[in-house]
Amino acid sequence: MKINANMVKKLRIARSWSQEQLSEACGLSLRTLQRLENGGNASLDSIRVLAAIFEIDSNALILNEKEDPITPRDAVERGLRQYANFSGTATRFEYGWFLLFVMLVLAACTIIDERAAQITALILLVPFLAAGARRLNAVGHSRWWQLFWFAPFGQIAVLVVMFQGENRRSIQQLTPAIVLLSLGLILPVSAQEFGMTLPEPTGSPVGFRLYTIVDEGREEVFTEEEGDFRTFPMAIYYPAVPAADAVPAPYTTDAENAAYNTALMIPPEVFNAITGHLYIDAPLAQHEGGYPVLMFSPGFGAPIRFYSTLLTELASRGFVVAVVDHPYSQTVSFFPDDSVITANAAGSDMSTSQGLSLILNTWVEDTIVALDHLSELNESDPVLAGAFDLDHVGAFGHSFGGATAANVSLVDDRVLASINMDGEVFGDAAQGVTKPFMVMTSPTDFSDEDLAAVGMTRQDLEDYRVKFDNSVNGALSASEAPYWLSIAGTLHSTYSIDIALLRNLLPEYITPEMVGTIDGARANQVIADYTAAFFDMYLMGEESPLLDGISTDYPEVGFVTAPSSDRTH
């Protein structure tokens, strides 16, 4: 049966016990305790032993995912009655109906009067977060997850976690809740007239091609369909020579807009208002020997389109950037034939160490297969033949995509260096990446008010920092060229540069609390400059003063770790 792993850990920590001490006290092996705290199944005897040690009822340690036989009205009343109760548990049924109630009330108030909606939102904030905390307690997750409510499209990840259970449900079942969450954005956006041009690339024009890769050597692990081979999109950004009368393509296609509207409830008006700088299928700017190659993976759940500005800039500087999409883990994966795959529970479930490893290994294999495919394109593609210098390959990514890049560099000799952009390091890479490795991070400073708003304590934040820092230090410990940069003014979602830039388009809805205080265009410049400097150095041997330490031109950038002591402060 399922044990409430989060409660076991909290009860242990409350007594200032290590796992070893708890093992000695209860008679369970250390290996068993570690497995249980990672969400593994427990025998009834194990649960009884732990309950006796903690002096609680054994039922309190059992995750009961059977839905309560209560009415929707009961669920709403319970949510309001337990106004500030962040302990205890809530079932999917109870949490789902209370979430629906909150969103309907806010939607109605928004239509009636904007100020009334703001007041109502303040009144309902605490019971809403309390209900979320109880639901996260029930599924054995930290209340830290609720911070994702305040990240662009992070609601998707929160909802997957909130509604998971013994029988995993498809994310498509969450669509009604996602619609309601987005209502406050959709209604005003559709009535506005606005526009935004993305920063122009500083180098050559950039072309874009989208491919479908079918790996017939791997069965799809995130579906149950027999004979379903792993299939994923790969986008290529490359230096191009467009025709004199060519105009950049729209930021998104009509089919892509429809996919985002369905999956994320983002109205087409948002993307139609953005002017980009990509030329679809434009002729390659020929370069003897091809261009150095960068393999990129996005953050978990983030559509690859949201990184377009950064990837365009890097391609304009003489890299070919191969963007690997990872279906069933990404909110929307878009294919050249306009077909779409959306996230499902199997591809999004990182609640256990086994689930996380399955997803990470799948992403790593996707990247390696994509790199293999570039050899074929280099020989016979009508546009990109000769584009790839496969002797000079790097990998980078944002968040979980950064962990993917680090692990790819560990197992594929073709990848010479890697960058993790603001992501914890998972898998074997957390034990040490021997090749040149850079980590970019955002400061993790939150006010007491920010933490209280999501039911977190200062100690919870410190525990997260220690876990994150340990993973990064572990990865850097074996690197021949370790870099750890901290970029002031950024937040985790800043690295999805296009989201940060949208703050200029939708300042009422995308605030500094969501994407950081640094200007989006400046963030793009800083991140692109240090990314290019690192890969220029460790792929091509071209030194850059940016890697020598603090630069007066980049006051936002601090060096936490660097290859030599004179670069560290």
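Which exposed residues does the face of helix 10 turned away from its buried side carry? They are Asp254 and Thr262. Before going further, please keep in mind that this is a predicted model.

Now the other side of that helix. Helix 10 covers residues 254-264, and its buried residues are Glu256, Asn257, Ala259, Tyr260, Ala263 and Leu264. Looking down the axis of helix 10, you find these buried residues within an arc of 160 degrees, so they line one face of the helix.

Glu256 has a relative accessibility of 5%, and because the cut-off for buried is under 20%, Glu256 counts as buried. What is Glu256 in contact with, leaving aside its neighbours within four places in sequence? The partners are Arg305 and Phe334.

Helix 14, residues 353-380, packs with helix 15, residues 400-411, at an angle of about 65 degrees. Their axes are 9 Å apart, and the crossing is right-handed. From helix 14, the contact is made by Leu356, Ile359, Leu360, Trp363, Val364, Thr367 and Ile368. Helix 15 contributes Phe400, Gly401, Ala403, Thr404, Asn407, Val408 and Val411. Sorted by class, the contact between helix 14 and helix 15 has 10 nonpolar residues, four polar ones and no charged ones.

That is what I have. Questions are welcome.

Conventions. Residues numbered from 1 in each chain as written. Predicted model: local features only at pLDDT ≥ 70, side-chain atom pairs only at ≥ 80, totals over all residues. Heavy atoms only, no water. Helix = DSSP H or I, 4+ residues; strand = E, 2+ residues; numbered from the N terminus. Buried < 20%, exposed > 50% of the residue type's maximum accessible area, 1.4 Å probe, protein only. Contact = heavy atoms within 4.5 Å. Axes fitted to C-alpha atoms, helices over the stretch in contact; angles between N-to-C directions. Left-handed = near helix turned anticlockwise from the far one by under 90°. Nonpolar A, V, L, I, M, F, W, Y, C, P; charged D, E, K, R; others polar. Arc of directions from axis to C-beta.
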